[in-house]
Amino acid sequence: MSSIRYSIHDLEQLTGIKAHTLRIWEKRYGIVRPQRTCTNIRYYTDCDLKQLLNVSILNKHGYRISDIARLSDLELADRVLNIAMNPNDYLTQVESLVVAMIEMDEQKFDKILSYASMNLGFEETIMEIIYPFFIKVGLLWQTGSIVPAQEHFISNLIRQKLIVAIDGIPLPARNGQRVFILYLHEKELHEIGLLVYYYLLKKRGHRVIYLGQQVPYQDLLKVATIHPPYALVSCFTSALDAGDLQDYLHTLRNGLPGAQHWVSGLQLLQGFQPPEGVTYIDTLHAFRQAIELLPAS
Amino acid sequence: MGDTATYSILDLERLTGVKAHTIRIWEKRYGICAPGRSNGGTRHYGDEDLRHMLNVSILRRKGYKISQIASMCREELGQRVLDQVRDGSGDRRVEEMILTMIALDEEGFRDILQTSMVEQGVEGTFTRLIQPFFERIGVMWLAGTINPAQEHFVTNIIRQKLIVAINSLETPMGPQAHRFVLFLPENEMHEMALLLYSYIIKRAGHRVLYLGQSTPLGCVRHALRDQEGDVLLTSITSAYSGEALTAYLNQLSGEFPTHRILVTGLQVWQDEELIPRQAHLMRIAGTESLRQFLGTMQEIPQLN
């Protein structure tokens, strides 16, 4: 049914099972028999991938591979569902989200997420499930193991859930609150991280001016003059190289010396040194800690 | 409040609907909005002046005399306007939206939006309030006078309300449910129409696979798989115009010859001649035209 083909390397990335192991399982137990290209290279379909994801979840939960091999597809899916319903098993819930993404199944996604937020609350669901899931999606995306359609689909759904949660928090009182301006660089589109910050800040009663994607520098300055912020917060995912980013942050910092500047983003991970006066926040937990430790306004 | 944008008298005329001629007379007779002058003596106005003039024009429309208005201080004027807007019609609400946008006043802006959604529903709010609002600020764009950050700010609030409305609808599973794949072409970022259509389609009992901004055609192909019953919907605001638009639509319909394809958006509305004439490609001129299409869907059996 599908035109998507995965290599054994993609499968390794997606399921966490080594290519070597996949070949052995195939030979010994007939677990997933891939097709071959005309040059005899293995390739896998969506169905194969789904089956292996399920196998991998059971395997990680102590099922022996010889037992798994005897299960029908239906039994397999059923056992996985049972495991996924354990609210404290974050890893399995993250993996179930990967399955929902690959199948582009909105209902499945909804089910996993609403179950998780019922048990953990929305904030912990973000911290323990959505955020790790998103990091995983980023890696899968970088290695080309998922197709853009799946990434578009899942990003829009996560965005939807975040926005609904943000909307559900009442606005803080007009006065006396710290103002945070949330923006992305002019060339930057990846909004999920910024929306997570929005949620965490608003939940703690801070005022957020959310400017979102692609904000030109001059406009950012202008907003900051209308509402002088306590901090400007941004995520950098892919728009700039390290040098341009340095220059940009340096200029921004000098343009608005009275405010704090917080930046984060995957791209910054490799030894990035932020300019003076700019705070680099490397994980979501670090961000939460930073806003929890704020002195009283 | 910072005063960095400057407006010419013509900008002010466009934004407030008060003729430049009248603005000059009011300035001379009543001292309303005495602007700064450039070296060459040309009037220029700031944000505060614009707000003031918008307030003046609202009260004028409510039947206040200009001499009466001139005797009020700016705060009093603002208060009167607020009182008027409380029970306001669509038109005054648009003005109030512009005021709250300029002040980056989230509460104010959300209040207007929410009241309208309760009173006239999501679609009514879009056609009677948000579209006229964007038309007005579109004029502000053309004049190069408004700060795009203010548009960013309100666009995000509107988007938020729309997504909340979409999320509140059940995912339809009935036998009549068709699947619509919604996407914008590569480099197209203007999502508002796509979200509104997503809402209308879902509400009509169909499923939506939402791919969103900047989606390459290969990505659409993966999302479709072999489901020939799927309907494609895309919206083009700025990514293509003129001949490039025609070329893109030809490519789209060539790629997906067996799917029904709906196209909409500013560029598509402007010139019907640019749309290739093909049986499976349909121009959607607005929400009404989408609803007509959805009406015809009832008779077409689902293919997948």
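This is a predicted model: local features need pLDDT of at least 70, side-chain atom pairs count only at pLDDT 80 or more; totals for chains, interfaces and linings use all residues.
**Ground rules.** I noted that local features need pLDDT of at least 70 and side-chain atom pairs count only at pLDDT 80 or more, while totals for chains, interfaces and linings use all residues. Residues are numbered from 1 along each chain as its sequence is written, and chains are lettered from A in the order in which they are written.

**Chain B, overview.** Helices here are DSSP runs of H or I with at least four residues, strands are runs of E with at least two, and both are numbered from the N terminus. Chain B has 304 residues, and 38% of them count as buried. Buried means 20 or more other C-beta atoms within 10 Å of the residue's own, exposed means 12 or fewer, and partly exposed is in between, with C-beta atoms placed from the backbone.

I then checked contacts, meaning pairs whose C-beta atoms, placed from the backbone, lie within 7 Å. Taking the contacts in chain B between residues at least 6 apart in sequence, I found that 69% join residues at least 24 apart.

**Chain B, domains.** Three domains are listed: domain 1 (1-86), domain 2 (88-168) and domain 3 (171-297). The bounds come from an automatic or database domain assignment. I read 43 Å between the C-alpha centres of domain 1 and domain 3 of chain B.

**The sheet in chain B.** I traced an open sheet of 5 strands, ordered β4-β3-β5-β6-β7, with parallel pairing. Pairing takes at least two DSSP bridges between two strands.

Across from V263(B) I found R283(B), in β7(B).

**Where the chains meet.** I got 29 residues from chain B and 33 residues from chain A in the contact. On the chain B side, α7 (106-142), α8 (148-167), β4 and α10 (217-224) each supply at least two residues. The most comes from α8(B), with 10 residues. By class, the chain B side has 14 nonpolar, 11 polar and 4 charged residues. Nonpolar covers Ala, Val, Leu, Ile, Met, Phe, Trp, Tyr, Cys and Pro; charged covers Asp, Glu, Lys and Arg; the others, Gly among them, are polar.

**Chain A, domains.** Here I have domain 1 (47-166) and domain 2 (179-292). Their C-alpha centres lie 30 Å apart. Contact between them involves 13 residues of domain 1 and 11 residues of domain 2. On the domain 1 side, α8 (122-142) and α9 (148-167) of chain A give two or more residues, and the largest share, 7 residues, comes from α9(A). That side of domain 1 has 9 nonpolar, 2 polar and 2 charged residues.

**One residue, P274(A).** I found P274(A) in the loop between β6 (260-264) and β7 (278-280) of chain A. P274(A) counts as partly exposed because it has 18 C-beta neighbours inside 10 Å. Leaving aside neighbours within four places in sequence, P274(A) is in contact with L249(A), V263(A) and Y280(A). I also checked L81(A), 193 residues away from P274(A) along the chain: their C-alpha atoms are separated by 44 Å.

Key:
Two residues are in contact if their C-beta atoms, placed from the backbone, lie within 7 Å.
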